[in-house]
Amino acid sequence: MVMIPDMPDVGRGFIQDLSIPPISETHWTLPVPSSERRVAIVSSAAVSRRGDKPFSWLARDCRVLNKNDRDLIMTHVAVEYDRVAWQLDLNSIIPLDRLEEMASDGEIGSVAEDHYTFMGAADPVDMEKSARETAERMKQDNVNTVFLIPV
Amino acid sequence: MSGLARYFEEADLSTVVIGFVREHMQAYKPPRAMWLNFPMGRPLGKPNNPDYQKKVIRAAFELFDRSTGPVLEDFPDVIPVRDGRMGYAIPPEYVVSRNDVGDVDALLAEVQAEIAQLRPAYDAAVTARGRTTVGASDLDVNLLAPHIAEFVKGGKPKSPRKGLSPIPGLKLVIEDLQAFYSEARTHRDDIDDFELLGEWFWMETKAGLLIMWLEAVALHTEDKILRQVVDMSLVTPRFWSVGPLPGSSASGW
């Protein structure tokens, strides 16, 4: 089990020193039944469509991916995580095909038209404005369920 | 990701988060979270394994059935990592000194020959996968290594991407070169092992050596951004090393 104390020096130092604001309460939205779920993915992989503006190193904004987009590139600032998996299969990090299959099989209701990627190296507090705008955009697409995936 | 969940929940969207750092998930208290004991970079576990990927998704989505929270569950499977590191790391003792930097043009010629040799495998990989992740820099593959070599020589060519300054542009060029090698090798030898690929690229290929030369030069540069990039291990993978690159402070972190 890899917990922070088990990590090697450099990475451990960085991760354990990350500032996390005090969280007093957890907001809880009642989920809809699985058959009514319309699911959008939010990824921190800093993936975007080829030709889109690259992410800056501490970007607060996000990029939009259509559910059919497959010609994607990654401009994440970090190089410490495995990029082989995503080179082999987009679904390793953004499982659009898997969600479509689950929708076809009736495990979920549907897959959102659009999905969203952020720069995982940035502070979530700095992303608040963009995240709230993203939430509004999701609601216009009748999304009710968000699957947040790191990289 | 755990820190973002609240913004969506507050907009009446139900969320579930999966993540790699359990302590952070505990601290952020997202309403529904599942911890993955996996190496970073593969949150769905296994590439080209739809059943396994769905197993992860289903386990996460089961948390929507809980009536109260916050809930933090552990996904039962483990994908082991080496020595607690969550990605590949160059051995800390493998350092190229500036005095070791030799004839850049000669090394560049070797890199270009390597690229030519890998090209058929890369093209086959693109055909088989129907996509490539190479191209973030907007530079043709044959121009990637010459761009890096210019920096090794002390130059500072413009970023190939409009609107991007030279060092962020250089970073994308380096990552494109690595992606080209990785996509070619994984397809040619049918492998999915980031430790093996890391060792191969950084310890065996001429392209890896060219970037090591860049790191050696950058440690002595007066360009603050290039120096910061090296201090932060954004050129070579040293984040999961047992110690910082000698000569750097790792102070960027």
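**Notebook: chains A and B**

I began where two helices of the two chains meet: helix 4 (residues 128-140) of chain A packs against helix 1 of chain B at an angle of about 45°, and their axes are 9 Å apart. I note at once that this is a predicted model. An angle between 35 and 65 degrees counts as oblique, and helix 4 of chain A and helix 1 of chain B are therefore oblique to each other. I recorded the crossing of helix 4 of chain A and helix 1 of chain B as right-handed.

I then looked up the residues at this crossing. From helix 4 of chain A come A:E128, A:A131, A:R132 and A:A135, and they meet B:L4, B:Y7 and B:F8 in helix 1 of chain B. I sorted the residues of this contact into 5 nonpolar and 2 charged, with no polar ones.

**Entry: the wider contact of the chains**

How many residues of chain B are in contact with chain A? I found 77 residues of chain B in contact with 65 residues of chain A. On the side of chain B that touches chain A, the elements giving two or more residues are helix 1 (2-9), strand 1 (14-19), helix 2 (22-28), helix 3 (50-61), helix 6 (166-189) and helix 7 (194-204) of chain B. Which of these gives the most? Helix 1 of chain B does, with 7 residues.

I saw strand 7 (residues 145-149) of chain A pair with strand 1 of chain B in the parallel sense, over 4 bridges. In this place A:T145 stands opposite B:S14, a residue of strand 1 of chain B.

**Entry: chain B as a whole**

I counted 9 helices and 3 strands in chain B. Read from the N terminus on, the elements of chain B run α-β-α-β-α-β-α-α-α-α-α-α. Along the principal axes, the C-alpha atoms of chain B fill a box of roughly 65 × 40 × 40 Å.

I looked up the domain assignment of chain B, and it gives domain 1 (2-78) and domain 2 (98-231). The C-alpha centres of domain 1 of chain B and domain 2 of chain B lie 34 Å apart.

**Entry: helices 6 and 7 of chain B**

I turned next to two helices that I had already listed on the side of chain B that touches chain A. The axes of helix 6 of chain B and helix 7 of chain B come within 11 Å and cross at roughly 125°. That angle makes helix 6 of chain B oblique to helix 7 of chain B. I noted their crossing as right-handed.

Which residues meet here? In helix 6 of chain B they are B:Q178, B:Y181, B:S182 and B:R185, and in helix 7 of chain B they are B:L197, B:W200 and B:F201. I divided the residues of this contact into 4 nonpolar, 2 polar and 1 charged.

**Entry: strand 6 of chain A**

Last, I followed the pairing of strand 6 (residues 114-117) of chain A. Strand 1 (residues 38-43) of chain A runs parallel to strand 6 of chain A, and 2 bridges join them. I found A:S43 opposite A:T117 in strand 6 of chain A. Strand 3 (residues 63-66) of chain A pairs with strand 6 of chain A in the antiparallel sense, over 4 bridges. For A:L65, I recorded A:H115 in strand 6 of chain A as the bridge partner.

How values were computed:
Residues numbered from 1 in each chain as written. Chains lettered and ligands numbered in written order. Predicted model: local features only at pLDDT ≥ 70, side-chain atom pairs only at ≥ 80, totals over all residues. Contact = placed C-beta atoms within 7 Å. Pairing = 2+ DSSP bridges. Domains from an automatic or database assignment. Axes fitted to C-alpha atoms, helices over the stretch in contact; angles between N-to-C directions. Parallel < 35°, antiparallel > 145°, perpendicular 65-115°, else oblique. Left-handed = near helix turned anticlockwise from the far one by under 90°. Nonpolar A, V, L, I, M, F, W, Y, C, P; charged D, E, K, R; others polar.
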